[in-house]
Amino acid sequence: MNRLLISAFTAVALVVSGGSVATASGSAPPRTTHGPCQYTQTPDEPPARSVPLPPDPRRTPSRGTVALDVPTSQGALPLRLERAKAPCTVQSFLHLARHRFYDRTVCHRLTAYPTLKVLQCGDPTGTGEGGPGYKYLDELPVDLPPAPTDPTGARRLYGRGLLAMANAGPHTNGSQFFVVYGDSALRPNYTVFGTVGPEGLRTLDKIAAGGIAPTPEDPTSVDGTPVLRTELLRVRPACRH
């Protein structure tokens with residue numbers, strides 16, 4: 001599974017874990033939390049690092065923002081999570097951060113298509129196939145402007161600086177996410193849950209300028225492993241002074 005984008009317009013496919021889980025006869029069904037987020041275990045896709053299901057209170061916090069310090073091997077990547085946009089996603093992201101799920105993980109994918117410019121992270125295996133062992137419901141954006149590069153009006157503008165979840169289809173969010181370093185045109189199928197700070201944009205520009213590692217099959221690749229190895233050293237709430 002390669003978690004992100006698709007298409008004829010240069011999108012591609014960001015994904016997480018896919019679809020419903022089939023269980024063997026007589027085996028216990030996947031555990032699902034009973035709150036509004038419905039975090040559901042994915043037995044066929046075990047966690048890349050051991051982590052429990054997130055808390056799922058009936059009243060999921062839906063106000064305010066959370067600042068995160070994210071030092072990387074290429075520079076700072078500060079994030080600001082917005083609860084109002086995606087309360088279940090923010091709750092899950094903070095849960096994973098508290099369990100150090102993201103610490104010492106490598107961002108495995110960089111794209112440089114004319115209409116898709118993102119860095120994708122959040123898989124401890126560094127392969128694009130790892131996740132937290134659970135999935136949860138979409139919180140899709142409704143306020144993104146139409147992408148000016150798409151005359152059909154189907155795609156929306158995921159603008160520079162947005163933070164969004166990768167997925168493998170409806171309601172398959174997990175741990176993988178992407179940060180947008182250049183305006184991108186995507187169908188509004190990816191939950192937006194925050195932004196990258198100015199210092200983080202400078203870090204992303206550095207990574208993007210480093211380019212994408214060539215392969216024998218594609219020596220001028222626009223989608224693949226960043227040349228500049230980018231490791232998330234840790235993900236923590238920002239200290240308040």
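Reader: Why is arginine 104 called exposed?

Author: In this predicted model, arginine 104 has a relative accessibility of 54%.

Reader: Where does arginine 104 lie, and what is its phi?

Author: Arginine 104 lies in the loop between α1 and β6. Its phi is positive, about 60°, although arginine 104 is not a glycine.

Reader: What about arginine 100: where does it lie, and why is it called exposed?

Author: Arginine 100 lies in the loop between α1 and β6. Its relative accessibility is 54%; the cut-off for exposed is over 50%, so arginine 100 counts as exposed. Phi of arginine 100 is near 60°, a positive value in a residue other than glycine.

Reader: What makes the contact of arginine 104 and glutamate 231 a salt bridge?

Author: The side chains meet with N and O 3.6 Å apart. A salt bridge needs a side-chain nitrogen of Lys or Arg within 4 Å of a carboxyl oxygen of Asp or Glu, so this pair passes. Arginine 104 is in the loop between α1 and β6 (105–106) and glutamate 231 is in strand β16 (residues 231–232), so the pair ties together parts that are 127 residues apart in sequence.

Reader: Is glutamate 231 buried or exposed, and how do you know?

Author: Glutamate 231 has 12% relative accessibility. Buried means under 20%, so glutamate 231 counts as buried.

Reader: Which residues are joined into one network with glutamate 231, and what makes it a network?

Author: Arg104, Arg229 and Glu231 are joined by salt bridges that share partners. The side chains of arginine 229 and glutamate 231 meet at 3.2 Å, N to O; the limit is within 4 Å, so this is a salt bridge. Arginine 229 itself has a relative accessible area of 53%, and with exposed set at over 50%, it is therefore exposed.

Reader: Why is the pair of lysine 85 and aspartate 143 called a salt bridge?

Author: Their closest N and O atoms are 3.6 Å apart, and the rule asks for within 4 Å, so the pair qualifies. The pair links distant parts of the chain, 58 residues apart: lysine 85 is in the loop between β5 (79–82) and α1 (87–98), aspartate 143 in the loop between β9 (134–135) and β10 (156–158).

Reader: How many salt bridges does the rule give?

Author: The count comes to seven salt bridges.

Conventions: Residues numbered from 1 in each chain as written. Predicted model: local features only at pLDDT ≥ 70, side-chain atom pairs only at ≥ 80, totals over all residues. Heavy atoms only, no water. Helix = DSSP H or I, 4+ residues; strand = E, 2+ residues; numbered from the N terminus. Buried < 20%, exposed > 50% of the residue type's maximum accessible area, 1.4 Å probe, protein only.
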